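This report describes a single protein chain.

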Amino acid sequence: MLDADCGAGRMLPHLAARGVRVEGVDLSPEMVRRARPDHPGFPVEVASVTDLPQENGRFDGVFAWYSLIHIGDDDLPVALAELVRVLRPGGHLLLAFQTGAGSREVGEGFRKRGMRSSSSAITAPWTPCRRCSRTWG
């Protein structure tokens with residue numbers, strides 16, 4: 001299984017404890033640097049979900065747990081196509097998103113770092129997961 005945008009890798013051992021062989025990718029070299037010593041039993045590399053280095057059909061599953069909320073609307077179809085590309089035929093894609101519309105307040109710690117939170121519905125033209133491989137494949 002691929003943990004797409006795995007961050008510091010906190011979900012890697014959780015998935016492995018359920019019998020899944022898992023590896024991770026994250027766009028941030030700092031997150032990968034943190035994940036490797038914290039979770040040394042798992043391969044983790046720097047990569048973008050819009051340009052994954054893995055070969056076609058490599059994974060039985062792809063786990064994108066709130067990672068696509070960081071992808072811009074224009075890049076979302078590209079990211080979804082990449083996630084589907086690395087899935088084997090009949091594989092499973094698990095996505096998590098935030099829902100809602102309008103702005104949401106973020107915590108003081110995030111504001112000090114210049115971050116703002118805005119949540120809006122995903123408007124990219126994609127179909128439900130069970131049909132992703134036909135739509136994006």
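## A salt bridge between E23 and R58

E23 and R58 form a salt bridge, with their closest N and O atoms 2.9 Å apart; the term denotes a side-chain nitrogen of Lys or Arg within 4 Å of a carboxyl oxygen of Asp or Glu. E23 belongs to strand β2 and R58 to the loop between β3 and β4, so the pair ties together parts that are 35 residues apart in sequence. Helices (H or I, at least four residues) and strands (E, at least two) are DSSP runs, numbered from the N terminus.

E23 is buried, at a relative accessible area of 12%, whereas R58 is partly exposed at 39%. Here buried means under 20% relative accessible area, exposed over 50%, and partly exposed in between (1.4 Å probe, protein chains only).

## Basis of the model

The model is predicted: local features need pLDDT of at least 70 and side-chain atom pairs count only at pLDDT 80 or more, while totals for chains, interfaces and linings use all residues. Residues are numbered from 1 along each chain as its sequence is written, and side-chain values use heavy atoms, with hydrogens and water left out.

## Overall composition

The chain contains five helices and five strands. From the N terminus on, these elements follow the order β-α-β-α-β-β-α-β-α-α. Of its 137 residues, 36% count as buried. Among contacts between residues at least 6 apart in sequence, 56% join residues at least 24 apart; a contact means heavy atoms within 4.5 Å.

The chain exposes about 8400 Å², of which carbon and sulfur atoms supply 51%. Accessible areas come from the Shrake-Rupley method with a 1.4 Å probe, and for residues only the protein chains shown count as cover.

## The sheet

Five strands form an open sheet in the order β3-β2-β1-β4-β5, with parallel pairing. β3 (44-46) and β5 (87-96) stand at the edges with a single partner strand each, so one side of each is left without a neighbour in the sheet. On average, neighbouring strands of this sheet are turned by 20° against each other, direction ignored. Two strands are taken to pair if DSSP finds at least two bridges between them.

Strand β1 runs parallel to β4 (residues 59-65), and two bridges join them. The bridge partner of D3 in β4 is F63.

## Helices across the sheet

Helix α2 (residues 29-38) lies across β2 (23-26) and β3, and runs at about 165° to β3. Helix α3 (residues 76-85) lies across β1, β4 and β5, at about 135° to β5. For these angles, axes are lines fitted to C-alpha atoms, for helices over the stretch in contact, and angles run from 0 to 180 degrees between N-to-C directions.

## Further salt bridges

The structure holds five salt bridges. One of them links R33 with E30, the closest N and O atoms being 2.5 Å apart. Both residues lie in helix α2, three residues apart, about one turn of the helix. R33 is partly exposed at 49% relative accessibility, and E30 is partly exposed with a relative accessible area of 40%.

In helix α3, R85 and E82 are likewise three residues apart, about one turn of the helix, and their side chains meet in a salt bridge (2.7 Å, N to O). R85 counts as partly exposed at 24% relative accessibility, whereas E82 counts as buried at 12%. Salt bridges that share partners also join E23, E55 and R58 into one network.

A4 is found in strand β1 and counts as buried, at 0% relative accessibility. Leaving aside residues up to four places away in sequence, A4 touches V25, V49, V62, F63, A64, S67 and L83. A4 and L52 are 48 residues apart in sequence and 9.3 Å apart in space, C-alpha to C-alpha.

D5 is found in the loop between β1 (2-4) and α1 (12-16). D5 is buried yet has no salt bridge, and the nearest side chain of opposite charge, R10, is 13 Å away. With residues up to four places away in sequence not counted, D5 touches V25, D26, L27, V49 and S67.

Notes. Lys and Arg count as positive and Asp and Glu as negative; His and the chain ends are not counted.
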